[in-house]
Amino acid sequence: MGTALIYDEEMTKYKLLWVDPACKIEVPERLSVSYEALVRTGLSDRCVAVPPREASDAEILLVHSEEYLEGVKKTPHMTLEDLKEFTLQYGDVYFHPNIYHCAKLAAGSALQLVDSVMTGTVRNGMALVRPPGHHSMRSAASGFCVFNNVAIAARYAKQKHGAKRVLIVDWDIHHGQGVQYCFEDDPSVLYFSWHRYEHQKFWPNLRESDYDSVGKGSGAGFNINVPWNKVGMENSDYLSAFCHVLLPVAYEFCPDLVLVCAGFDSAIGDPEGEMCATPDIFAHLTHLLMNLAGGKLCAVLEGGYNLTSLAQSVCQTVQTLLGDPLPRLANLGSPCESALESLQCVRSVLRRYWPILKHAADPPTTDVGSRRIKLAKAEGEKAETAEEERSREEKVWPEPAERLRPPVCSASALPDDAACPDGLKRLTSSKDLGPLLGRRIKTEVAGDADGVATFLRLYTLIEKMRTNEIGNGVALVPDVAAAVKCVVQDLGSDLVNRVLVVCVGKEELNYATADGKMLVVQISGEDKEEQKGKYYIPMCLKKGCGDTVGFIQAVLGLLLPLGYEYDPGLVLLSRMPGSGVGDCMWQQLIGLLKGFAKGHTLVLMQTNDEACMGPTASVLLGHPAPPLQELLTPLPDDGDALERMRERLQADWKMLQTAVSSGN
Ligand code: X5A
Ligand code: ZN
């Protein structure tokens with residue numbers, strides 16, 4: 001099950017033929033440098049090359065009007081003057097004698113990708129296309145776009161492959177108004193877009209790009225706009241939007257297919273977006289979507305105008321689709337006030353439609369909407385100073401770090417009589433512990449044969465992860481609680497800098513974790529006493545871990561943001577026997593946690609809990625987790641508990657914030 005890559009040099013063969021400052025950034029090199037970067041890094045060789053094809057008239061008409069298609073069809077035969085005139089009826093777009101051909105190939109590429117993914121030829125894939133699509137409307141070209149590639153692909157997936165629900169994630173920095181208009185009243189297609197908005201001052205300057213456009217009629221709630229009202233948004237702002245808005249809704253929506261309007265003008269250095277998120281953020285955005293829809297994900301290129309940033313971002317995306325370990329996102333800042341205001345607004349309008357967001361806070365008290373008009377009036381058309389222009393163009397950022405696949409993906413450390421799942425490498429416990437650890441084992445677990453065996457199994461796995469000889473691993477131990485204690489007290493901090501300890505189920509964890517070397521997050525059905533300090537976070541679910549919606553709510557809203565802010569060097573996931581967590585939820589949890597610590601996840605399970613070895617091994621080996629079906633309405637108590645936890649912790653953990661700080 002591979003990753004498809006669609007590219008054809010033909011789509012570089014059109015360009016702007018006259019002077020138009022608004023269009024000069026949309027150049028053929030966008031495509032060639034992206035592809036060359038994939039070739040240079042060896043990524044393209046690891047993909048399945050799928051050829052594009054032309055979309056048929058019937059396919060284009062799934063989204064566009066006959067009059068519009070007929071109009072575009074004439075462009076290959078037009079004179080330069082006619083092309084200019086034809087172009088004039090639309091905004092920020094240009095035509096060229098070869099663009100109709102390329103536009104058919106771009107839309108057809110998206111369809112080829114959908115076919116490859118929906119038939120199971122590949123697991124996922126990316127199409128590098130020009131022209132982009134998300135601005136084009138039923139009867140109009142717009143913003144460099146001729147046909148709406150992704151919108152056509154969504155309709156096609158429904159019609160040809162029977163997809164019931166399609167999620168479109170538009171991480172391009174412009175609002176894909178064409179996609180919004182296409183599916184506004186359609187509950188079978190959920191459209192999420194974040195975009196530079198600046199209270200309507202940024203192109204395409206539409207009132208309906210704001211957070212309160214949630215869809216119409218039966219499609220109400222299925223259109224999600226996150227307007228960015230300031231430039232300079234960072235990784236933490238993007239991740240917050242995913243954790244606190246998109247992912248909860250996406251899990252509740254439960255798509256059969258994920259389409260990404262993959263524009264990279266949302267990355268640092270882009271002259272259009274002017275944002276500050278680094279190219280490696282796209283590895284995480286991609287990863288966070290890869291456990292939806294059983295992994296069926298199709299990314300289709302949209303914008304991206306800084307050639308360096310674009311090529312790096314494309315590589316990060318494709319490398320993630322291929323399953324390579326995720327880069328660590330060090331020094332994640334806290335989301336900015338403006339981003340939080342947007343998230344608070346959009347969460348508050350969505351809570352009526354999505355039970356999983358039911359507990360979201362009220363909108364901010366200051367009226368964000370009125371600011372739109374006021375600001376637009378006050379600032380007007382402010383000319384950019386030379387200084388501002390320079391600072392916009394001279395952004396520098398480090399090249400993304402190499403993402404090395406370990407020689408062994410997954411390993412196991414098991415008792416001799418336990419079977420090892422296919423694909424996992426069975427390790428025999430190392431005996432060579434070095435002088436320090438040798439001393440510890442003598443003093444602390446002497447005489448306890450089980451304790452010694454556990455210690456050796458964990459040590460062997462952790463040590464091999466630390467040196468990147470193995471990616472992840474699973475250990476079967478006689479007593480999970482004792483094993484966690486062993487890591488927390490004896491092993492963890494000697495070997496790894498920060499360990500994120502995730503405990504599923506009841507477990508006595510009465511040892512100090514105050515120094516930040518460990519962060520313990522526990523999800524259980526047990527009522528826990530009040531949280532002690534910053535590094536021990538017990539989340540109690542009223543109906544226990546079998547309550548899938550409560551569980552995923554806690555994972556997305558609490559565990560993920562904490563994990564991103566903590567940036568662990570190792571994740572220890574322990575499963576208490578009888579926790580009640582369902583297999584699918586367990587697999588989703590492992591899948592999501594693999595985004596931390598370069599994929600170094602150590603799963604601890606009890607020897608008599610072997611039944612879930614298969615599902616565990618499957619996700620550790622890189623197979624997508626099965627979708628969580630039929631999420632029920634979460635218990636109000638759990639929502640409240642989550643909110644109280646957030647309230648209590650957000651001073652220490654900035655990524656937990658979902659609203660502006662009180663007083664604003
Ligand atoms: C696909 C895309 C941008 C159009 C900007 C027009 N279009 N000012 O990024
Ligand atoms: Zn764009």
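Modeller: A polar side-chain atom of His135 lies 3.3 Å from a nitrogen atom of ligand 1; a polar contact here is a pair of N or O atoms within 3.5 Å. This is a predicted model, where local features need pLDDT of at least 70 and side-chain atom pairs count only at pLDDT 80 or more, while totals for chains, interfaces and linings use all residues. Residues are numbered from 1 along each chain as its sequence is written, chains are lettered from A and ligands numbered from 1 in the order written, and side-chain values use heavy atoms, leaving out hydrogens and water.

Colleague: Which residues come nearest to ligand 1?
Modeller: Asp92, Gly143, His174, Asp265 and Tyr305, out of 13 residues around ligand 1, counting a residue if one of its heavy atoms lies within 4 Å.

Colleague: What does the side chain of Asp265 do there?
Modeller: One of its N or O atoms is 3.0 Å from an oxygen atom of ligand 1. Gly143 uses a polar backbone atom, 3.1 Å from a nitrogen atom of ligand 1.

Colleague: Where do Asp172 and Asp265 lie?
Modeller: Asp172 is in the loop between β4 (166-170) and α8 (177-183), and Asp265 in the loop between β7 (257-262) and α10 (281-289), so the pair ties together parts 93 residues apart in sequence. Helices (H or I, at least four residues) and strands (E, at least two) are DSSP runs, numbered from the N terminus.

Colleague: Is Asp172 buried or exposed?
Modeller: Buried, with a relative accessible area of 1%. Asp265 is buried too, at 0%. Buried means under 20% relative accessible area, exposed over 50%, partly exposed in between (1.4 Å probe, protein chains only).

Colleague: New topic. Which residues touch the most other members of the largest nonpolar core?
Modeller: Ile168, Trp171, Trp194, Phe242 and Leu289, in a core of 191 residues. Such a core is a set of buried Ala, Val, Leu, Ile, Met, Phe, Trp, Tyr and Cys residues joined through side-chain atoms within 4.5 Å.

Colleague: Which helix gives the largest share?
Modeller: Helix α6 (residues 99-118), with 13 residues.

Conventions: Polar contact = N/O pair within 3.5 Å; in protein donor to acceptor, adjacent residues only side chain to side chain.
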